[in-house]
Amino acid sequence: MSEQRAASRYAKSMLDLAQERGNLEQVKQDMDLFAKTLEQNRDLRLLLRNPIVKHDKKLAILRAIFGGKVSEVTEKFFTIITQHNRESALEWVATEFQSQYETLRGIQVAQVTTATPLNAILRHEVTKLVREQTGHQTVTLNEKVDPELIGGFVLRVGDKQIDDSVRGRLNRLRNTLKETSHQSQL
């Protein structure tokens with residue numbers, strides 16, 4: 001079973017258990033903390049993927065880092081994952097849990113990349129666009145700045161992307177010119 005498929009199943013189980021126990025929001029915070037910690041700590045990611053390091057050692061490290069900072073459900077989850085030799089799936093579990101939580105709550109997450117930071121008016125307009133496109137009333141925008149876009153924006157919602165950046169337009173124009181040039185040579 002691939003790590004992502006296993007992660008999806010583990011995340012679903014954890015989500016269901018947290019709902020059943022009435023501490024979904026706490027487990028969500030735990031997964032946010034875990035994902036952020038993994039994102040900032042390459043050594044921890046590599047350790048969890050390393051097949052040479054014993055499972056009990058990985059569990060001890062997870063307990064040392066997260067003990068007392070996460071809920072009992074999350075601590076038990078770490079134990080179950082290590083007992084089943086699936087530590088390498090943990091980083092995917094955190095991401096998958098966040099995604100399933102957002103779906104459960106009806107939250108649409110969108111990634112918007114611009115050449116300069118969004119102001120309040122543009123942020124509102126992009127949020128409105130996402131609402132219109134998806135039908136979700138609750139939208140979370142993850143904003144990223146990439147000066148290489150020159151201007152405009154790239155909006156990613158789920159598996160769809162709208163590239164209305166100057167760089168994107170220039171690339172499309174370049175490709176059109178190449179095709180036209182190639183066709184005229186024939």
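Modeller: Helices (H or I, at least four residues) and strands (E, at least two) are DSSP runs, numbered from the N terminus. It's a predicted model, where local features need pLDDT of at least 70 and side-chain atom pairs 80 or more, while totals for chains, interfaces and linings use all residues. Residues are numbered from 1 along each chain, and side-chain values use heavy atoms, without hydrogens or water.

Colleague: Which residues of α3 and α4 meet?

Modeller: L44, L47, L48 and R49 of α3 touch K58, I61, L62 and I65 of α4. That contact splits into six nonpolar, no polar and two charged residues; Leu and Ile count as nonpolar, Lys and Arg as charged.

Colleague: Why are α3 and α4 called roughly antiparallel?

Modeller: Helix α3 (residues 42–49) and helix α4 (residues 55–66) pack at about 150°, axes 10 Å apart. Angles run from 0 to 180 degrees between N-to-C directions, with axes fitted to C-alpha atoms. Under 35 degrees is roughly parallel, over 145 roughly antiparallel, 65 to 115 roughly perpendicular and the rest oblique. So α3 and α4 count as roughly antiparallel.

Colleague: What makes β2 and β4 edge strands?

Modeller: Two strands pair if DSSP finds at least two bridges between them. The open sheet runs β2-β1-β3-β4 with mixed pairing, and β2 (138–145) and β4 (160–165) each pair on one side only. Eight bridges join β1 (residues 107–114) to β2, in parallel.

Technical notes. Contact means heavy atoms within 4.5 Å.
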